[in-house]
Amino acid sequence: MGVTLNTKSLNAEGLDIGTEVVASDVDKWVSGTYQRSRSTYGYVRSWRIDCSENNVTWANSAANSFQTTAKAGTAVNLTITDPPDYEVNLNVYIVGVDIAYESGAPAVRRFTVTCQEAPA
């Protein structure tokens with residue numbers, strides 16, 4: 001699986017894809033009966049990408065770069081190629097970066113970056 005985020009090729013070890021439906025529910029009393037109706041406006045897709053870096057300084061770290069990009073709130077390009085099953089090329093916001101260091105392996109940095117689809 002090839003994953004590129006904001007021009008950085010990632011060592012992606014896992015990928016979770018989510019879809020959140022954006023909707024509102026309205027309670028009504030119709031002819032003596034309770035009813036709930038739903039209006040659906042669309043959905044927002046998100047991606048959680050599990051990655052690792054080995055022997056990369058913090059200054060050159062993709063995780064560091066993604067934290068800076070998330071703080072700025074700018075949209076960046078996400079490209080995922082896993083032919084023939086799944087391909088994506090669109091703009092996303094980076095909405096989270098979680099970093100973990102393994103005990104006994106200080107040169108290995110594992111991180112999960114969470115992206116949310118940006119409006120077209």
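Two strands pair if DSSP finds at least two bridges between them. In this predicted model, strand 4 and strand 7 pair in the antiparallel sense over nine bridges. Helices (H or I, at least four residues) and strands (E, at least two) are DSSP runs, numbered from the N terminus. Residues are numbered from 1 along each chain as its sequence is written, and side-chain values use heavy atoms, with hydrogens and water left out. Local features need pLDDT of at least 70 and side-chain atom pairs count only at pLDDT 80 or more, while totals for chains, interfaces and linings use all residues.

**Confidence**

- The mean pLDDT of the protein is 93, and 100% of its residues reach 70 or more; pLDDT is the predictor's confidence in each residue, from 0 to 100.
- Among the elements of the protein, helix 1 has the highest mean pLDDT (96) and strand 7 the lowest (92).

- Seven strands make up an open sheet with antiparallel pairing, in the order 2-1-5-6-7-4-3.
- Strand 2 and strand 3 (12-30) are at the edges with a single partner strand each, so one side of each has no neighbour in the sheet.
- From one strand to the next, the twist averages 35°. Axes here are lines fitted to C-alpha atoms, for helices over the stretch in contact, and angles run from 0 to 180 degrees between N-to-C directions.
- In a regular strand the side chains alternate between the two faces of the sheet.

**Strand pairs and turns**

- Strand 3 and strand 4 are antiparallel and are joined by 18 bridges. One of the bridges takes G14 to its partner D50 in strand 4.
- Strand 3 and strand 4 also form a hairpin with two residues between them, and S31 in the turn has a positive phi of about 50°.
- Strand 6 and strand 7 run antiparallel and are joined by ten bridges. Y101 has R109 in strand 7 as its bridge partner.
- The hairpin of strand 6 and strand 7 has two residues between the strands, and G104 there takes a positive phi near 85°.
- Strand 7 also supplies V113 as the bridge partner of I49, and C115 in strand 7 stands opposite W47.

**Helix 1**

- Helix 1 lies across strand 1, strand 2, strand 4, strand 5, strand 6 and strand 7, and runs at about 115° to strand 6.
- The buried residues of helix 1 are A62, A63, N64, F66 and T69. Buried means under 20% relative accessible area, exposed over 50%, and partly exposed in between (1.4 Å probe, protein chains only).
- The cover over these buried residues includes strand 1 (2-5), strand 2 (8-10), strand 4 (33-54), strand 5 (76-82), strand 6 (86-102) and strand 7 (105-117). Contact means heavy atoms within 4.5 Å.
- At the start of helix 1, a side-chain oxygen of S61 comes within 3.1 Å of the backbone nitrogen of A63. A polar contact is a pair of N or O atoms within 3.5 Å; within protein, one must be able to donate a hydrogen and the other to accept it, and residues adjacent in sequence count only if both atoms are side-chain atoms.
- Just after helix 1, G73 has a positive phi of about 75°.

**N64 in helix 1**

- N64 lies in helix 1 (residues 62-72) and counts as buried because its relative accessible area is 19%.
- A polar atom of the N64 side chain is 2.9 Å from the backbone oxygen of W58.
- Not counting residues up to four places away in sequence, N64 touches W58 and A59.

**S37 in strand 4**

- S37 lies in strand 4 and is partly exposed, with a relative accessible area of 28%.
- S37 and D25 are twelve residues apart in sequence, and their C-alpha atoms are 5.7 Å apart in space.
- Leaving aside neighbours within four places in sequence, S37 is in contact with S24, D25, V26 and K28.

**Cysteines**

- A disulfide is a pair of cysteine sulfur atoms within 2.5 Å, and by this rule the count is zero.
- The cysteine sulfur closest to that of C51 is in C115 at 9.0 Å, so the two are too far apart for a bond.
- C51 is buried at a relative accessible area of 2%, and C115 is buried at 0% relative accessibility.
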